[in-house]
Amino acid sequence: MKYKRCGTRVFVRIDKGEELIENLKAICKELNITLGSICGIGATDKVTVGLMNTKTKKYQSKEFTGDHEITSVLGNVTTMNGEVYLHLHITLGNVEHKIIGGHLTSAVISATFEGIIDIIEGQITREYHDEVGLNLLRL
Ligand code: FE
């Protein structure tokens, strides 16, 4: 993983074999980023995406292996209990050029990932809402 800060934005490169979320978190920690947005593109060959079942309030997760283009990762950086908290969604293009996607749980990069973290000044935390079953933004 490599990154370069340019003003309020950070260009990110995550390399083959590296896990996407843990590396994005590490960059946020190193640069003390507590609030921001993230976008990116790349490729993965092992990715787990979730779908929130609003009745059971649990994620239904599914793993996909093999070559997939990361056509987009989109999400935000906040904090919860003093830790960096990333909420990311992903869309993937498969070998048939069909798109799948969902809540991003983990992705191992197969070629490269190119991302931009947009740093926002301030801090927003999260709190668990039992009714929804999610850590919602505390605004
Ligand atoms: Fe989500």
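Mentor: A residue counts as buried when its relative accessible area is under 20%, as exposed when that area is over 50%, and as partly exposed in between, using a 1.4 Å probe and protein chains only. By this rule, 36% of the 139 residues of the protein chain are buried. The structure is a predicted model, in which local features need pLDDT of at least 70 and side-chain atom pairs count only at pLDDT 80 or more, while totals for chains, interfaces and linings use all residues. Residues are numbered from 1 along each chain as its sequence is written, and side-chain values use heavy atoms, with hydrogens and water left out.

I begin with the chain as a whole. It has one helix and eight strands, where helices (H or I, at least four residues) and strands (E, at least two) are DSSP runs numbered from the N terminus. Read from that end, the order of the elements is β-β-α-β-β-β-β-β-β. The C-alpha trace spans about 45 × 40 × 20 Å along its principal axes. The radius of gyration is taken over C-alpha atoms, and the globule rule is 2.2 Å times the number of residues to the power 0.38. For 139 residues a compact globule would have a value near 14 Å, and the 15 Å of the protein chain agrees with this.

Contact means heavy atoms within 4.5 Å. Among the contacts in the protein chain with a separation of 6 or more, 64% are between residues 24 or more positions apart.

Donors are N, O and S atoms within 2.8 Å of the metal (3.2 Å for Na, K and Ca); water is not among the atoms, so sites may look incomplete. Which protein atoms are the donors of the iron ion? They are NE2 of His-87, NE2 of His-89 and ND1 of His-103, at 2.1 to 2.2 Å from the ion. In sequence the spacing of these donor residues is H-x1-H-x13-H. His-87 has a relative accessible area of 25% and is therefore partly exposed. His-89, at 41%, is also partly exposed.

Between β5 (83-93) and β6 runs a loop that holds Asn-94. Asn-94 touches Asp-67 and His-68, with residues up to four places away in sequence not counted. The C-alpha atoms of Asn-94 and Glu-69 lie 6.7 Å apart, although 25 residues separate the two in sequence.

Glu-69 belongs to strand β4 (residues 58-80). Beyond its neighbours within four places in sequence, Glu-69 is in contact with Gly-42, Ala-43, Thr-91, Leu-92 and Gly-93. Glu-69 and Val-84 are 15 residues apart in sequence, yet their C-alpha atoms are 26 Å apart in space.

Thr-71 also lies in strand β4. With its neighbours within four places left aside, Thr-71 is in contact with Ile-41, Thr-91, Leu-92, Gly-93 and Ile-99. Thr-71 has a relative accessible area of 39%, so it counts as partly exposed.

Strand β6 (residues 99-119) contains Ser-110. Is Ser-110 buried or exposed? Its relative accessibility is 13%, and therefore it is buried. Residues up to four places away apart, Ser-110 touches Lys-16, Ala-43, Thr-44, Asp-45 and Asp-67.

Two loop residues complete the setting. Lys-57 is in the loop between β3 and β4, and has a positive phi of about 60° although it is not a glycine. Asp-130 sits in the loop between β7 (125-129) and β8 (134-138). Asp-130 counts as exposed because its relative accessibility is 56%, whereas Lys-57, at 32%, is partly exposed.
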